[in-house]
Amino acid sequence: MAGKLLPRTERATAACAQLVVFKYLYHQLMLLVHSVALKIFQIYLLFCHWTSCKTARNLLDRFDQPSKVAVMAHIVQQAVEQNLLRVAKQLEDQLDSELHKLDNLQDDDVERIRQRRIMELKQQQEKTKEWVAKGHGEYKEVHEEKEFFKEMKGEDRMICHFYRDNWPCKVMDKHMGLLCRQHLETKFIKINAEKSPFLTDKLKIWMLPTLALIKSEKVIDYVVGFDDLGGKDDFTTEQLAERLARADVIKDDGAAAKRQQQQQRNTIRSGIYQRADDDEDSDFGD
């Protein structure tokens with residue numbers, strides 16, 4: 001069996017290994033880019049040293065200032081092109097090598113990958129069962145402050161919506177209800193702020209809606225109102241998911257990275273927000 005090539009359909013089962021390959025190549029690319037930048041800087045220093053020599057100065061004195069700049073630009077451009085070609089060639093060779101390994105996987109290699117994947121799926125299934133048993137996957141309301149601490153105990157990630165009966169909080173409820181089913185790794189709860197004076201005072205909740213973002217039983221960040229979501233109530237669930245993923249209270253599914261390429265995002269607000277005296281929305285009363 002050793003040395004036997006697998007049919008293409010069977011080799012395709014090992015495609016998941018490509019992710020590791022490309023992550024490795026990306027890391028190598030970053031190292032090479034830094035190397036290119038260092039080389040350019042070294043060339044610049046050499047050029048400066050060269051121009052300090054009498055012979056070089058006499059040579060450059062024959063040119064006007066624009067020509068001197070052009071000479072230096074030409075030298076730097078050549079260095080950049082040579083280094084970029086070298087980087088591209090190294091990446092191409094590494095990619096060809098990894099693809100060659102994938103194309104020549106043997107039965108034992110594929111079986112190890114399959115067994116590893118089965119084990120990962122079993123572990124994920126057990127974790128999912130554990131999450132569901134702890135109330136993940138549903139958007140639960142807690143009615144007493146002591147329930148808040150009970151729900152938080154032992155949780156790696158939890159998001160608590162401090163709300164009251166108004167339109168902005170209902171908008172947030174809609175998105176929270178959708179996200180809780182998409183992100184079983186996180187517990188989603190809500191609590192009426194007006195009926196929880198101890199918590200609202202302790203956590204400095206001054207505007208509604210506010211999401212308290214919790215990791216390992218500690219509040220690490222807040223989403224206060226809609227400021228981080230465009231400032232309007234027509235934000236999408238994906239926008240809220242991106243904001244929560246940046247705080248690492250839900251796992252990023254890749255959508256945030258795509259959106260970040262399309263538009264500028266507001267600065268993330270962190271820490272405890274101080275009460276604004278001139279903000280009417282900061283009052284819990286109607």
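Predicted model: local features only at pLDDT ≥ 70, side-chain atom pairs only at ≥ 80, totals over all residues.

Residues are numbered from 1 along each chain as its sequence is written, and side-chain values use heavy atoms, with hydrogens and water left out.

**Leucine 179 and helix H7**

- Leucine 179 sits in helix H7; helices (H or I, at least four residues) and strands (E, at least two) are DSSP runs, numbered from the N terminus.
- Leucine 179 is buried, with a relative accessible area of 0%; buried means under 20% relative accessible area, exposed over 50%, and partly exposed in between (1.4 Å probe, protein chains only).
- Between leucine 179 and threonine 237 there are 7.5 Å in space, C-alpha to C-alpha, although they are 58 residues apart in sequence.
- H7 covers residues 167-182, and its 16 residues reach 24 Å from first C-alpha to last, close to the 22 Å expected at 1.5 Å a residue (the expected span is 1.5 Å times one less than the number of residues).
- The buried residues of H7 are Cys169, Val171, Met172, Asp173, His175, Met176, Gly177, Leu179 and Cys180.
- Covering these buried residues of H7 are, among others, S1, S2, S3, S4 and helix H9 (237-246).

**Helix H9**

- In H9, 8 of the 10 residues are buried, so this helix is largely enclosed by the rest of the structure.
- Those buried in H9 include Thr237, Leu240, Ala241 and Leu244.
- Aspartate 248 follows H9 and has a positive phi, near 65°.

**Cysteines**

- The structure holds 0 disulfides, a disulfide being a pair of cysteine sulfur atoms within 2.5 Å.
- Cysteine 169 is buried at a relative accessible area of 0%, and cysteine 180 is buried at 2%.

**Nonpolar cores**

- The largest nonpolar core has 21 residues, of which Phe148, Cys160 and Phe162 touch the most other members; such a core is a set of buried Ala, Val, Leu, Ile, Met, Phe, Trp, Tyr and Cys residues joined through side-chain atoms within 4.5 Å.
- Two or more residues of this core come from each of helix H6 (145-152), strand S2 (157-163), strand S3 (187-192), strand S4 (210-215) and strand S5 (218-224).
- S2 gives the largest share of this core, 4 residues.
- Another core lies apart from this one, with 20 residues, among them Met172, Phe188, Leu211 and Phe235.
- Among the contacts of phenylalanine 162, not counting residues up to four places away in sequence, are Ile191, Leu203, Pro209 and Ala212.

**The sheet**

- Five strands make an open sheet in the order S1-S3-S2-S4-S5, with mixed pairing; two strands pair if DSSP finds at least two bridges between them.
- Strand S1 (139-142) and S5 stand at the edges with a single partner strand each, so one side of each is left without a neighbour in the sheet.
- S4 and S5 run antiparallel and are joined by 6 bridges.
- Across this pair, alanine 212 stands opposite tyrosine 222, and leucine 213 stands opposite aspartate 221.
- S4 and S5 form a hairpin with 2 residues between them, and serine 216 in the turn has a positive phi of about 50°.

How values were computed
Contact = heavy atoms within 4.5 Å.
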